[in-house]
Amino acid sequence: MRKITSTLALLVIVFSIQFFNGCAALKEIAKVQKPQVKVDKVKITGLDFTQIHLNVKLNIDNPNPFSVKLPGFGYNFLLEENSVVQGENNELLNISAQGKSEVDIPLSLTYTDLYKSIKILQSKDSAAYKIAVDLFFELPVLGKTPVKIEKTGALPLPKLPSIK
């Protein structure tokens with residue numbers, strides 16, 4: 001009887017230690033924060049006779065003491081409030097614990113499609129743009145967590161030379 005009592009007491013002590021250690025871990029997980037994301041810049045990376053090439057650079061800051069996964073994101077690039085390029089990236093990214101990462105979104109826009117879809121651009125020297133990105137991070141406790149960001153600005157528009 002005494003052996004059973006001491007074994008039972010030992011089990012209670014072991015489970016208590018595990019429980020309180022688990023509580024400390026849960027307390028740390030309960031402090032989960034969404035990663036901070038911002039559009040660092042949108043820049044023209046190249047021009048040719050048929051296309052304009054852009055790069056959208058995102059900065060991601062993970063304030064958590066554990067790494068988080070970014071299983072994908074979607075984006076929509078608008079000129080003069082008209083969607084011209086949209087897409088998804090489903091490449092898994094790991095963002096280090098209390099780390100920073102950069103994500104590049106390369107875009108190519110054809111002049112023909114731009115001018116066909118947005119006649120108003122033919123008379124302008126620049127176009128107002130908006131990039132909207134929807135990211136989905138996998139976070140402990142919170143699960144799949146959306147983070148939406150947008151940036152607006154203006155892009156210069158090249159003009160084809162006229163021949164007389």
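Biologist: Which residues of strand β6 lie on its covered face, and which on its uncovered one?
Modeller: This is a predicted model, to start with. In β6, residues 100-110, the covered face holds Ser101, Val103, Ile105, Leu107 and Leu109. The uncovered face has Lys100, Glu102, Asp104, Pro106, Ser108 and Thr110. Side chains in a regular strand alternate between the two faces of the sheet.

Biologist: What makes β2 and β6 a pair?
Modeller: Two strands pair if DSSP finds at least two bridges between them. β2 (residues 51-61) and β6 have 11 bridges, in the antiparallel sense, so they count as paired by that cut-off. One of the bridges puts Asp61 with its partner Lys100 in β6.

Biologist: And what makes β1 and β2 a pair?
Modeller: Again the cut-off is at least two bridges, and here 10 bridges join β1 to β2, which run antiparallel. So β1 and β2 are called paired too. Lys43, for instance, stands opposite Asn55 in β2.

Biologist: What is the strand order in the open sheet?
Modeller: It goes β1-β2-β6, 3 strands with antiparallel pairing.

Biologist: Why are β1 and β6 said to stand at the edges?
Modeller: Each of them has a single partner strand, so one side of β1 (36-47) and one side of β6 have no neighbour in the sheet. From one strand to the next, the twist averages 20 degrees.

Biologist: Why is the largest set of 37 residues called a nonpolar core?
Modeller: The name goes to buried residues such as Val, Leu and Phe that are joined through side-chain atoms within 4.5 Å. The largest such set has 37 residues, and those with the most contacts inside it are Leu58, Phe77, Leu79, Val133, Leu135 and Phe137. Two or more residues each come from β1, β2, β3 (68-79), β6, α2 (111-117), β7 (126-139) and β8 (143-156). β7 gives the largest share, 7 residues.

Biologist: What does Val133 touch, leaving aside neighbours within four places in sequence?
Modeller: Contact calls for heavy atoms within 4.5 Å. On that basis Val133 is in contact with Leu58, Phe73, Gly74, Tyr75, Ile105, Val147, Lys148 and Ile149.

Biologist: How much of the protein chain is buried?
Modeller: Buried means under 20% relative accessible area, and 32% of the 164 residues are buried. The chain exposes about 10,900 Å², with carbon and sulfur atoms supplying 57% of it.

Methods:
Residues are numbered from 1 along each chain as its sequence is written. This is a predicted model: local features need pLDDT of at least 70, side-chain atom pairs count only at pLDDT 80 or more; totals for chains, interfaces and linings use all residues. Side-chain values use heavy atoms; hydrogens and water are left out. Buried means under 20% relative accessible area, exposed over 50%, partly exposed in between (1.4 Å probe, protein chains only). Helices (H or I, at least four residues) and strands (E, at least two) are DSSP runs, numbered from the N terminus. Axes are lines fitted to C-alpha atoms, for helices over the stretch in contact, and angles run from 0 to 180 degrees between N-to-C directions. Accessible areas come from the Shrake-Rupley method with a 1.4 Å probe; for residues, only the protein chains shown count as cover.
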